[in-house]
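This briefing is meant to be read with the sequence and the model side by side. Please look through both before going on to the points below.

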Amino acid sequence: MWLKQVGLAVILHITSISASITITENTRERISFNFDIGDYTISNNRSQANMHSIINFPSSNNKIYDNGVFIPTLTLYAGLPPEGKAKVSFISQEVKRITLDHPLQKILSDQKPDQFMKHSFKNPWITDIEYIRFKNLRTGRFYLKPFIYDEKNQILTVLIKGSCTIEFPGSKRYPSTSQL
């Protein structure tokens, strides 16, 4: 039963974004998907007396604070087995490096970084799972960050394509398909 809920949780959330996410595997052991960034643009804008670059990413449903700038991200959810720790891995398949004409816009002086989400990215593109609940469904939330900014060199690295696998822990209540 939880397997149907797992796939449903992922599919319901990702259908609302325009970046392409294609589920490639959905079993009791894991969910795998491919990511394709889709539409994004980099625009230049004048703020006060300074020019700066802005990332326009329509699929973004969140932003994180990263080294003084906001980076658009995707917040993704996956239904999980009732117990155990899940493991997320992500492999970039295609990236693009863009030298920006102007630095990315810094946060405004009246905004405090602690007001915004900060996350640790062990993998440069994706966070570890945070465990939460949607009603009675145990769910994992993680953030996909398709942009990495090198402020010193004004280079934006864009994740064009990648693949993600979420491996579920073994569960005695829900045997793996190899045990059936």
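Arg 30 has Glu 167 as its bridge partner in strand 11, where strands are DSSP runs of E with at least two residues, numbered from the N terminus, just as helices are runs of H or I with at least four residues. This is a predicted model, in which local features need pLDDT of at least 70 and side-chain atom pairs count only at pLDDT 80 or more, while totals for chains, interfaces and linings use all residues. Residues are numbered from 1 along each chain as its sequence is written, and side-chain values use heavy atoms, with hydrogens and water left out.

**Strands and their pairing**

- Strands of a sheet pair through backbone hydrogen bonds, either parallel or antiparallel.
- Strand 2 and strand 11 run antiparallel and are joined by seven bridges, and two strands are said to pair if DSSP finds at least two bridges between them.
- Strand 2 is also joined to strand 1 (residues 20-26), again in an antiparallel arrangement, this time by six bridges.
- Strand 1 and strand 2 form a hairpin with three residues between them, and within this pairing Glu 25 has Ser 32 of strand 2 as its bridge partner.
- Strand 5 pairs with strand 6 (residues 69-79) in the antiparallel sense over five bridges, and Ile 64 has Ile 71 in strand 6 as its bridge partner.

**Salt bridges**

- Side chains of opposite charge can pair when their charged atoms come close.
- The structure holds three salt bridges, a term that requires a side-chain nitrogen of Lys or Arg within 4 Å of a carboxyl oxygen of Asp or Glu.
- Asp 128 and Lys 122 form another salt bridge, in which the closest N and O atoms are 3.0 Å apart; Asp 128 is partly exposed, with a relative accessible area of 39%, whereas Lys 122 counts as exposed at 69%.
- Arg 141 and Glu 130 form a salt bridge through their side chains, at 3.2 Å from N to O.
- Arg 141 lies in strand 9 (residues 137-144) and Glu 130 in strand 8 (residues 130-134), so this pair ties together parts that are eleven residues apart in sequence.

**Aromatic rings**

- A pair of aromatic rings is described by the distance of the centres and the angle of the planes.
- There are three aromatic pairs, counted when rings of Phe, Tyr and Trp (its six-membered ring) have centres within 6.5 Å, with planes under 30 degrees apart called stacked, over 60 edge-to-face and the rest tilted.
- Tyr 40 and Phe 147 make an edge-to-face pair, 5.9 Å from centre to centre and with 70° between the planes.
- Tyr 40 lies in the loop between strand 2 (30-36) and strand 3 (41-47), and Phe 147 in strand 10 (residues 147-150), so the pair ties together parts that are 107 residues apart in sequence.
- Phe 57 and Phe 147 also make an edge-to-face pair, with 5.4 Å between the centres and 80° between the planes.
- Phe 57 lies in the loop between strand 4 (50-56) and strand 5 (62-66), and Phe 147 in strand 10, so this pair ties together parts that are 90 residues apart in sequence.
- Tyr 40 and Phe 147 are buried, Phe 57 is buried as well, and ring pairs link Tyr 40, Phe 57 and Phe 147 into a cluster.

Definitions and conventions. Buried means under 20% relative accessible area, exposed over 50%, partly exposed in between (1.4 Å probe, protein chains only).
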